[in-house]
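User: I am new to this structure and would be grateful for a close look at a single part of it. Please set that part in the context of the chain as a whole.

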Amino acid sequence: MRRLFAVATLVALTLGLLATPAQAQPAPRSFLILANGSSLPPGLEGRITAAGGAVSNRIPEVGIVVATGDDAFAARARRIAGVRSVVPNFRFQRIQPRMAEGVTLDYGNPPNSGDDDTLFDLQWGHDAIDAPEAWNAGYFGAGARVAVLDEGFDLDHPDLAENIVGSKSFVPGEEASAGYLLPDAFSHGTHVAGTIAAADNGLGVIGVAPKAELVLVKVLSEILGYGEFDWVIQGIVYAAGEADADVINMSLGGTLPRNGGCDTEGCFTAAETAELLVAISRATTYAHRQGTTIIASAGNDANDGDKDKALVHMPSDATHVISISATAPIGWATDPANTFLDNLASYSNFGQSAIDFAAPGGDFVYPGEEPCTIAGLTRPCWVFDFVFSTGSNPTPGLASYYWSVGTSMAAPHAAGVAALIIGKNGGSMHPAQVEAAMRRGADDLGKPGNDAAYGAGRVNAYQSVR
């Protein structure tokens, strides 16, 4: 292996001395400061400032202050009266999907389905969970409001605009709208939102709950590629509180070593991991108490949560969060009427202790490159095993769509089912009742009862609203 070394030597010729480079000062770090309870004690921010920290954010609903400083500040802050813990801010990633090419709407209606939404026949996931049967029974999610916590969104997408009732960004310097990575216009957040609630409007695709309202909340930076822990916590609190969402979908996550250690996000002790789980659980508990059902992707690491307990996956491991694994067909386009749609996806995390339900997420394991044609589109057959949904486009009002795969794509199918259940109930329902309806309606595909691949079962929209 070739190794390159860069050596710099400074010589003070006039003095005949070797100069000593100036000592670099470490950059300030961001810390979460958890109060002893779920509210902030009076005067806490002033005491943080006196300890040498710069307060950058406060989340009083869950008793958290965010401040920057050095490690010496963190040590002093831990001794402040009323402080439970001080932990480094953690970074969430979107659950990175695989993506195939996108398409724009420039062709006629597909065969077979008879639906006038011209790309509906590409949505095998809706068939898997019996969404059309729920629609035929009269349930479309009207009266339910779903908050999508993700990166940017195409706010003027023709398949989404009529269902968007609000948007907000908690990423400093970035708006909620997508566009910071153009011309890479896929847009993870837009794809997720479309699976939940793309309108049944004679155009493109249809969401699982096509009459549900969407609140689109940006908590991940398109520029940086991650979201700070406090941005996500703020997003949860906002969605459940001010935005009055019935459902929160989080197709994002991050893993931390349960017993301490280092990874790409830095080094954390076992105590710090535990406190970060406390922090996110305060937010999800707040949302649960507000009556919000919380759904999150389980992760794409093919990790067995029963056998490998070394990792904590957040937010899916947090309190009151419904964790979703991914299912997929293998070669659906070769025989759409007969292909099994519910294999556990090759990448999906699993485990009885880790998974509550399964939902369609797609997969990339079909071998070969031979072409298949579905809905007037000819692509390699494996492409059609991906989940097809809305994407972003730099041209305002132009409808673009993309294939993608991941537990990120599974969670919004489940969120759409939750919205259908809540809509049936008139728009207000306790999260425990929503989960019970999902459990009652789910298809028990693995061993009887709860199992490692499917949890309580793969979600079923129709059976959940019967």
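**The packing of helices α8 and α9**

Analyst: In this predicted model, helices α8 and α9 lie roughly perpendicular to each other, because the angle between them falls in the range of 65 to 115 degrees that counts as such. The angle at which the two helices pack is about 110°, and their axes are 10 Å apart. Helix α8 covers residues 407–424, while α9 takes in residues 431–441. The handedness of their crossing is right-handed.

The residues that make this contact can be named on each side. Helix α8 contributes Ala414, Ala418, Ile421 and Ile422. From α9 come Val434, Ala437 and Met438. Sorted by class, the contact of α8 with α9 consists of seven nonpolar residues, with no polar and no charged ones.

Once neighbours within four places in sequence are left aside, Pro431 is in contact with His288, Gly291, Thr292 and Thr293.

Among contacts in the protein chain with a separation of 6 or more, 76% are between residues 24 or more positions apart. The chain has 466 residues, of which 56% count as buried. Its secondary structure comprises ten helices and 25 strands.

The structure holds one disulfide, formed by Cys372 and Cys381, with their sulfur atoms 1.9 Å apart. The torsion about the S-S bond of Cys372 and Cys381 is about 85°, and for this reason the disulfide is right-handed. Cys372 and Cys381 are both buried.

To return to the part examined here, the picture has two sides. Towards α8, helix α9 presents Val434, Ala437 and Met438, in a contact without polar or charged residues.

Note on methods. Residues are numbered from 1 along each chain as its sequence is written. This is a predicted model: local features need pLDDT of at least 70, side-chain atom pairs count only at pLDDT 80 or more; totals for chains, interfaces and linings use all residues. Side-chain values use heavy atoms; hydrogens and water are left out. Helices (H or I, at least four residues) and strands (E, at least two) are DSSP runs, numbered from the N terminus. Contact means heavy atoms within 4.5 Å. Axes are lines fitted to C-alpha atoms, for helices over the stretch in contact, and angles run from 0 to 180 degrees between N-to-C directions. Angles under 35 degrees count as roughly parallel, over 145 as roughly antiparallel, 65 to 115 as roughly perpendicular and the rest as oblique. A crossing is left-handed if the near helix is turned anticlockwise from the far one by less than a right angle, and right-handed if clockwise. Ala, Val, Leu, Ile, Met, Phe, Trp, Tyr, Cys and Pro count as nonpolar, Asp, Glu, Lys and Arg as charged, and the others, Gly among them, as polar. A disulfide is a pair of cysteine sulfur atoms within 2.5 Å. Buried means under 20% relative accessible area, exposed over 50%, partly exposed in between (1.4 Å probe, protein chains only).
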